[in-house]
Amino acid sequence: MMMKNCMDIDECERNPLLCRGGKCLNTEGSFQCDCPLGHELSSSREECVDINECSLSDNLCRNGKCVNVIGMYQCSCNPGYQATPDKQGCIDIDECMIMNGGCDTHCSNSEGSYECSCSDGYALMPDMRSCADIDECDSNPDICDGGQCINIPGEYRCLCYDGFMASVDMKICIDVNECDLNSNICMFGECENTKGSFICHCQLGYSVKKGTTGCTDVDECEIGAHNCDMHGLCFNFPGSFRCSCKEGWIGNGIKCIDLDECSNGTHQCSINAQCVNAPGSYHCTCAEGFTGDGFICSDIDECAENINLCDNGQCLNIPGGYRCECEMGFTSTSNSRTCQGN
């Protein structure tokens, strides 16, 4: 019997197109394809075809888009992300690390983005990067109630009016309670605190005068706020007044009646004068035969003044008059002022 020898056929050598896209490995009686990473055998098992990793999984390239390439895949990253060194993942770009993200002041990184912000007292502009000072005085006119608002970069200060004091941070004006601050501020009255000031409710006989603080005595006599008689005198004293009658009048000052000096003997007239009462006073008139102002009355020497008195007789002066001493053969009349023949 004749024996035949069988030799293995090297399919890889015979057909160079076998295992296209991979490496052909001859085996005893056959061959096999060794496919590179990212490839798989075709259904005919005679070639290596690319695996589309992007279609196999939806979880590839988070924050980006999966792009298939021969033997692998790469990620096309969304804005705000950058590819990993192997280009198979997307990581956040920290924009704040690059020139502060273009922000004027504060830059805050976030996943896939970033945000600019400003310090207190500044506002972010429409460009979303630059900051501008907020004028608190303009945006809130009542911010310094009780004072004047002064804008300064990033904040403001209150310059408080009289009656207010600034807070420690000078951001508000606080009303000063003058009543508590000075218990004597409304002497002769009761103090009531008001916003920025105070009011004195004065006792009777006192009032608040312009340009003064507290309660001042009212001069009832000066302003005519009294009930003294028209023939009386008004005397002011703290918180009130009193009345007394003028000289020549008697009463309590609120009602005064005429004092009759002639009747009560308080007049100063001469004993040779007549007292005549008058409202609030009196006057003196010297009696006939006397001359003077009524307070001092001197006798008139009629004989000296008229040498023709007492014809046919001698004139003799007497207090308040005269009499005639008649010559022999003449007799004086009943009033002793003339001489007549027997």
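Residue numbers start from 1 along each chain as its sequence is written, and side-chain values use heavy atoms, with hydrogens and water left out. Because the model is predicted, local features need pLDDT of at least 70 and side-chain atom pairs count only at pLDDT 80 or more, whereas totals for chains, interfaces and linings use all residues.

With a disulfide taken as a pair of cysteine sulfur atoms within 2.5 Å, the count comes to 24. One of them joins Cys96 to Cys107, with an S to S distance of 2.0 Å. Its two ends belong to distant parts of the chain, eleven residues apart: Cys96 sits in the loop between strand 8 (90-92) and strand 9 (106-110), and Cys107 in strand 9. Here helices (H or I, at least four residues) and strands (E, at least two) are DSSP runs, numbered from the N terminus. The S-S torsion of Cys96 and Cys107 is about -80°, so this link is left-handed. Both cysteines, Cys96 and Cys107, are buried, that is, under 20% relative accessible area, where exposed is over 50% and partly exposed lies in between (1.4 Å probe, protein chains only).

Turning to Cys144 and Cys158, their sulfur atoms are 1.8 Å apart. Cys144 lies in the loop between helix 3 (136-139) and strand 13 (147-152), while Cys158 belongs to strand 14 (residues 155-160). Both Cys144 and Cys158 are buried.

A further disulfide connects Cys326 and Cys339 (S to S 1.9 Å), and is left-handed, with -95° about the S-S bond. Cys326 is partly exposed at 23% relative accessible area, whereas Cys339, at 12%, counts as buried.
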